[in-house]
Amino acid sequence: MSLFAGHDLTCVRGERRVFAQLDFALEQGNALVLRGPNGSGKSSLLRLMAGLLRPAEGAVTWDGAPIDQDPETHHARLRYVGHLDGVKSALTVAENLSVWAGLAGDRPHGGDVGAALDRFGLFHLSDIPARMLSAGQRRRLALARALVGPAALWLLDEPTVALDAPSVAALLRAIAEHRAGGGMVVAATHADIDLGAFSELDLARHAIPWSEDAQRQGDLPA
Amino acid sequence: MSRFLLIVRRDLRIAFRQGGDSSMAVVFFVLAVVLFPLGVGPEANVLARISSGVIWVTALLATMLSLELLFQADYEDGSLELLALAPLPLETVVLAKCLANWLLIGLPLLVAAPLLAVLLHMSAAGFATLALAMALGTPTLILIGALGAALTVGARRGGVLLSLLVLPLFVPVLIFGVAAVDHAIAGLEARPLLLALAGLLLAALALTPWASAAALRQALE
């Protein structure tokens, strides 16, 4: 039994089945890269893993127990970086991060916030209102969230979008360290990034074509 | 508890930095009430007769206008997803946002109400009851409004829909709120009506966070 796994997952979005009969399994230190064309359900699968979305069939389990049995415990062990950055323009860079650090951990993570900002080259911008940040800098601030407080599982949706080469390198270093400490990473990406040893899940193979699904449900004439 | 306060502080800080939105509700409240003497004429006894109703209806509209955006900004920039994924119940997040909004909107309305009552020639006997009734009524309005805001988050033209959903639910607060003040002015016992307002507040506290959180989860799916 794998630590973090999904069995026979079916995802339905707006009455359309995006993918069906999908399985995945991750052990400590593993990385899983989700591939597939646009609309193949990469983001939906990440949201299923986070518990934001419930599978129509199947179950996502942690150590054998379904994650929706105790969602708060599951939320405490994961960091989700979606394609929205969740950055508040009115707050400074450091304030943005310390809100999430405070929500994630029981104790204040003052040192962690500075260190996380430093990892992504944002430390000198700590006191700047986030509205002044560029798209890439906002992305880096969102990724820095993953670094505050310990979390076993990182779910990254297109993490390299808008990042420059040094930031991608910083992200890869952070992922490598996270995995060396026993952490798990699931990333959806089109970029050809070098994660070391990783497994791949091609969602195109589980996809259900539009026409086929519509016919089965009788929405469209054959 | 510390996480609850963290969200309250975050919302207050964002509101203070942005100014605008929350002070707008209070300015609307004051301006709308000031329009009444201009509209119905300056006769003191007419104004005094309608004063409690005018203040309550205007406070209700001001609350509703301000709540349209309670979850919208967080929904659009992705913060709401992250709040839903924080290791605390979404119900607690909803309560924290309601408390922050009460401090930003409910409290200024509460302070402004007796001043506007003077303007409308309300009898001084009603002031204390008005303040007390507003203190019990405004949190209820915000909790109910939050449910409407959670149901309409992500919807286009959500504002109109919000008022259709929420205004009927505001009616009990309006009825008991106005009646409490009128009773106090007439020298009758206002306590049972204030207790009814307290009961409405407790019911809203017990029920709306769950409904709001369920609506938000639905919006995030």
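In chain B, helix α7 (residues 127-152) and helix α8 (residues 158-185) have axes that come within 9 Å and cross at roughly 165°. That makes α7(B) roughly antiparallel to α8(B), a label for angles over 145 degrees. Axes here are lines fitted to C-alpha atoms, for helices over the stretch in contact, with angles from 0 to 180 degrees between N-to-C directions. Helices (H or I, at least four residues) and strands (E, at least two) are DSSP runs, numbered from the N terminus.

This is a predicted model, in which local features need pLDDT of at least 70, side-chain atom pairs count only at pLDDT 80 or more, and totals for chains, interfaces and linings use all residues. Residues are numbered from 1 along each chain as its sequence is written, and chains are lettered from A in the order in which they are written.

Residues are in contact if their C-beta atoms, placed from the backbone, lie within 7 Å. The contact between the chains takes 20 residues from chain A and 20 residues from chain B. On the chain A side, α3(A) gives the largest share, five residues.

The table gives two contacts by class; Ala, Val, Leu, Ile, Met, Phe, Trp, Tyr, Cys and Pro count as nonpolar, Asp, Glu, Lys and Arg as charged, and the others, Gly among them, as polar.

| α7(B) with α8(B) | 16 residues | eight residues | no residues |

Chain A also has an open antiparallel sheet of four strands, in the order β2-β1-β4-β5; strands pair if DSSP finds at least two bridges between them. β2 (16-26) and β5 (65-66) of chain A stand at the edges, each with a single partner strand, so one side of each is left without a neighbour in the sheet.

Terms used:
Two residues are in contact if their C-beta atoms, placed from the backbone, lie within 7 Å. Angles under 35 degrees count as roughly parallel, over 145 as roughly antiparallel, 65 to 115 as roughly perpendicular and the rest as oblique.
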